[in-house]
Amino acid sequence: MIPMSHYLFLSSILFSISLAGIFLNRKNILIMLMSLELMFLSINFNFIIFGNYLGDLTGQIFVFFILTVIAAESAIGLAIIVVLYRNRDSINVDDIGKLKG
Amino acid sequence: MMYFLVTTIIFAPLLGSLILLFKNDKSNLSTAIIANISIGISMILSLFLLISYLFTPTVIETFTLFKWFSSNKFTFEFALLVDSLSVVMSFIVTFISFFIHIYSIGYMEKEISFNRFFVYTNFFTFSMLLIVFSNNFLQLFIGWELVGLSSYLLIGFWYEKISAVNANLKAFIVNRIGDIGLLLGVILIFISTKSLDYNNLFISLPSLSEKNIVILNYSFEIIPLIALLLFIGAAAKSAQIPLHFWLPDSMEGPTPISALIHAATMVTAGIFMIARLSPLYDESEYVLDLILIIGASTAFFMGLVALVQNDIKRIIAYSTISQLGYMTVALGASYYSFAIYHLLTHAFFKALLFLCAGSIILKCHHEQDIMKMGGLRKIMPYTFFTYLIAGISLIGVPFTSGFYSKDLIIDIFKYNENNFIYYFLVAGVFVTALYTSKIFFKVFFGNNKLKIKENEELEHKDVILMPLIALAIPSMFIGLALFDSMLFSNYFASSTSDFNRINSFYNNHIINVFNFTMHAFTSLSFFALVIGIIVSYLIYYKETNLTKILDNKLSSIKKILENEYGFISLSNNYVPCYFKKIANILWIKSDINIIDNLIVNGIANQVKKISTRMRLIQTGYIYHYAFTMIIGLMLFLLVFFNF
Amino acid sequence: MNAELVIFYLFSIFLIISSLYVVTSNNPIKSAIYLVFSFFFSAILWLLLGAEFLSVILILVYVGAVMVLFLFVVMMLDINLSEITGRFVKYLKEGIFVFITMATLLILFFQNQFSDTDKNILTEINIISDSNTKNLGYVLYTEYILAFEVAAVILLLGIISAITLTHRKKTNNKYQDPSIQISVKKEDRVTIIKDEDLK
């Protein structure tokens with residue numbers, strides 16, 4: 001039997017790695033989106049772990065819906081990046097700071 | 001039946017005013033007809049009321065017209081109080097107003113704003129009747145303000161003249177200053193008796209007589225305080241020192257207005273109010289003494305100022321102030337009925353004086369300086385004759401009405417051992433004789449300096465002459481006619497509180513009217529009168545060396561009098577400049593600098609500065625935003641951690 | 001030391017390593033490939049937790065569709081690789097700081113709450129049958145039917161927005177825009193060259 005805290009340990013590490021990934025990647029916004037996918041993966045992990053622990057199938061159902069939303073969101077995010085690249089000719093994060101104050 | 005009578009008396013002038021305000025045709029004839037009919041109705045009904053009250057003087061009736069508003073603690077009803085005092089006042093107001101309306105048809109016939117004049121005068125009559133018939137302080141105050149408004153509108157009738165505009169502003173502002181006193185007095189009455197009726201005040205007077213009120217850590221007795229504050233309001237309206245200086249300047253208005261408002265009716269509103277509140281004033285000794293001093297000084301000193309004036313209307317204006325001083329002195333001695341009686345006779349002869357002055361001014365092509373006039377006796381016989389009647393009544397020659405009222409007042413002080421005020425008043429008689437005959441001699445005798453042509457026909461139209469004659473008859477005879485019936489047969493018994501005093505005065509000193517008249521020939525006032533006429537004859541008619549000698553010796557006194565004891569410069573220069581400086585400071589320093597720049601603009605500037613710094617937080621970089629979120633999340637975790 | 005533990009530790013280490021590679025790669029295509037690896041390993045781990053259906057779905061949907069989409073976009077955008085390499089060390093400090101802080105907090109939290117020995121993982125959740133798929137289907141279409149429909153609408157939304165954002169209009173397409181039609185002025189349509197009445 002593997003205690004739950006081990007699984008949660010894994011999930012936290014994954015989450016922190018993806019978080020660091022957002023800060024490390026200033027050059028390429030696509031890498032930022034990929035680390036976002038990693039973050040979603042760690043969250044799904046968490047849901048399944050807790051679903052298993054509580055004996056409820058709700059955790060897995062929720063992962064189902066999160067997957068749906070992630071798919072839609074990735075599509076839209078990538079479409080936005082494509083349009084951004086069309087207008088700005090660069091995917092450097094520093095170049096898309098036009099909404100600054 | 002009396003309900004309809006009184007309501008018609010009050011509201012007929014208002015109706016006339018409204019009809020004139022909204023009528024469309026521009027003919028002078030229709031304006032004249034409507035205005036005069038409305039006042040005529042009021043006059044006839046008032047005459048009828050007066051006659052009926054002469055027979056049954058102790059009837060008091062109160063009619064409630066309608067309820068204006070009512071709240072938990074206070075109800076204001078529009079109500080009319082009809083008793084002997086209000087009836088005699090309404091008679092005075094409507095009678096004189098009627099004849100002045102007729103006179104104005106002729107005097108103002110060449111004016112463009114003929115219609116506007118009658119709108120204002122009808123409105124004025126209505127407001128005066130509102131004061132006279134009111135039974136509570138709120139209605140009195142409303143009428144008071146409306147009368148002040150009408151006076152403002154009428155003094156500045158020729159509003160294109162700067163002097164007229166200044167004069168009417170001055171009149172209104174001084175009226176307002178008095179109204180502060182009046183309003184404070186009314187507020188104190190409301191605080192102490194919880195209602196604004198006269199009746200409730202009189203009933204609760206015994207219980208209030210020893211009470212004090214604490215204002216700003218000073219304790220005042222409440223009844224003298226109320227009496228003093230109300231007197232301040234009356235002093236502003238009735239032109240007593242020190243709030244008198246608006247009246248000479250108010251001669252900028254047309255002459256009928258000076259006759260109506262500033263001789264006969266509006267300026268008597270203050271006297272009327274104090275007489276109406278006689279039980280209140282009987283309780284406050286100190287205030288009565290103050291009223292006495294103010295009245296006596298006004299009577300004498302203003303008469304002196306009239307001596308050095310050359311404008312005919314200003315002389316008569318100062319004469320009005322002086323005669324109001326006589327009435328105030330009578331009030332101060334607690335002989336309220338005598339003051340009202342003098343008010344009655346004074347209204348007639350003063351209005352007549354003003355109307356004669358108006359006729360003279362018309363004839364001399366709007367010249368008002370008497371030094372430039374002369375020799376008008378043969379040219380204007382009617383004016384000459386009526387002026388003579390009015391003049392001798394003003395001076396107080398025995399058998400005229402002015403004599404009966406004025407000498408009664410002087411005799412109060414003769415028999416009450418108040419010698420100082422008695423000599424003041426007698427000196428006032430001397431001065432009155434002096435300036436009245438000055439006008440008489442200068443205008444009607446001497447050389448015809450203005451070269452006025454003598455016409456074969458009547459000197460003026462009928463509409464101007466008829467009121468002169470109509471007012472001359474009461475000026476001559478009303479004093480004698482109403483002496484017994486009004487003063488000494490309980491006429492004012494139910495309205496003023498001096499009944500006992502007057503009866504004892506009558507029994508001790510007057511005995512009957514014939515005795516009184518004969519006794520007056522031996523009094524000091526008659527002596528002063530005769531000397532005054534003789535001196536004036538010598539100075540102004542014969543123009544002997546006496547004139548030049550007096551001019552030289554008394555030139556310094558003449559300067560003081562011409563400056564009106566400094567009141568002119570005080571009211572025109574010092575006080576306004578002082579207030580203007582304060583207003584400037586408040587405007588520039590406080591309003592512009594503090595409120596606009598510091599507070600309003602300052603807040604906007606601060607917001608701008610802060611927001612300029614705050615918006616730099618939005619850098620536009622995603623990782624900065626993510627960093628902020630992470631920091632928040634970490635803090636959240638830390639807070640909810642149990643180690 | 002049973003098979004479960006071995007598989008768990010092995011694949012979790014693989015998962016962590018590949019995710020590290022995702023984050024620190026120079027080449028975006030390499031990052032994408034490593035991300036695919038992460039999904040594979042985490043699918044296996046999900047099998048250990050008894051979510052069989054979901055692990056397969058992870059591979060099919062996530063790797064098969066979303067990552068393919070990612071790779072399409074990576075290859076479509078004409079990225080100059082030489083710009084991206086280098087200058088990585090500058091931000092390393094921030095990254096490590098964030099990583100250490102977050103990981104510490106979370107681990108401490110989880111350790112504190114969930115490390116008792118009776119908080120263990122069950123391996124079976126049975127509602128109507130042994131099969132996880134059947135169970136999921138049973139629960140999904142009865143209790144969560146509304147959420148299911150909403151998820152379908154969300155996918156529709158995704159489609160519509162992605163197409164609308166990137167749609168380029170063809171220039172020989174003749175269509176009318178009502179707002180432009182209404183705001184037309186006379187000068188836009190008629191040019192008067194010569195009018196004999198207006199002299």
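Residues are numbered from 1 along each chain as its sequence is written, and chains are lettered from A and ligands numbered from 1 in the order in which they are written. Because the model is predicted, local features were considered at a pLDDT of at least 70 and side-chain atom pairs at pLDDT 80 or more, whereas totals for chains, interfaces and linings use all residues. The pLDDT is the predictor's confidence in each residue, on a scale from 0 to 100. For chain A the average pLDDT is 88, and 98% of the residues score at least 70. Helices (H or I, at least four residues) and strands (E, at least two) are DSSP runs, numbered from the N terminus. Within chain A, the highest confidence belongs to helix α3 (residues 58–88), with a mean of 92, and the lowest to helix α1 (residues 4–24), with a mean of 90.

Contacts between chains were defined by C-beta atoms, placed from the backbone, that lie within 7 Å. Between chain A and chain C, the contact takes 57 residues from chain A and 70 residues from chain C. On the chain A side, the elements giving two or more residues are α1, α2 (29–54) and α3, and the largest share, 19 residues, comes from α3(A). This side of chain A divides into 43 nonpolar, 11 polar and 3 charged residues; here Ala, Val, Leu, Ile, Met, Phe, Trp, Tyr, Cys and Pro count as nonpolar, Asp, Glu, Lys and Arg as charged, and the others, Gly among them, as polar. Between chain A and chain B, 11 residues of chain A are in contact with 12 residues of chain B. The chain A side of that contact consists of 5 nonpolar, 2 polar and 4 charged residues.

Chain C contains 9 helices and 0 strands. Of its 199 residues, 21% are buried, a residue being buried if 20 or more other C-beta atoms lie within 10 Å of its own, exposed if 12 or fewer, and partly exposed in between, with C-beta atoms placed from the backbone. Among contacts in chain C between residues at least 6 apart in sequence, 51% join residues at least 24 apart.

A nonpolar core is a set of buried Ala, Val, Leu, Ile, Met, Phe, Trp, Tyr and Cys residues joined through C-beta atoms within 7 Å. The largest such core has 199 residues, and those with the most contacts inside it are B:A330, B:A339, B:A351, B:L352 and B:L425. Helix α16 (residues 336–363) of chain B gives the largest share of this core, 18 residues. Beyond its neighbours within four places in sequence, B:L425 contacts B:A296, B:A299, B:V329, B:I410 and B:F413. Another core, of 66 residues, lies apart from the largest one and includes A:I61, C:V23, C:W46 and C:L136.

B:T386 lies in helix α17 (residues 381–395) of chain B and counts as buried because it has 27 C-beta neighbours inside 10 Å. Not counting residues up to four places away in sequence, B:T386 touches B:L352, B:C356, B:L468, B:I469 and B:A472. B:T386 and B:F349 are 37 residues apart in sequence, with a C-alpha to C-alpha distance of 9.6 Å.

Most residues other than glycine have a negative phi, and most peptide bonds are trans. B:S334, in the loop between α15 (312–332) and α16 of chain B, has a positive phi of about 70 degrees. With 21 C-beta neighbours inside 10 Å, B:S334 is buried. B:F399, in the loop between α17 and α18 (401–415) of chain B, has a positive phi near 80 degrees; with 14 C-beta neighbours inside 10 Å, B:F399 is partly exposed. The peptide bond from B:I241 to B:P242 is cis, with omega near 0 degrees, and B:P242 is placed in the loop between α9 (222–237) and α10 (246–249) of chain B.

Strands β1 (residues 61–70) and β2 (residues 75–82) of chain B run antiparallel and are joined by 8 bridges; two strands pair if DSSP finds at least two bridges between them. The two strands form a hairpin with 4 residues between them, and B:F69 stands opposite B:F76 in β2(B). Among the 10 residues of β1(B), the count of buried residues is 0. Helix α27 (residues 567–614) of chain B is also hardly covered, with 1 buried residue among its 48 residues. This helix bends by about 45 degrees at B:G602, the bend being the angle between axes fitted to the seven residues ending there and the seven starting there.

How values were computed: Contact = placed C-beta atoms within 7 Å.
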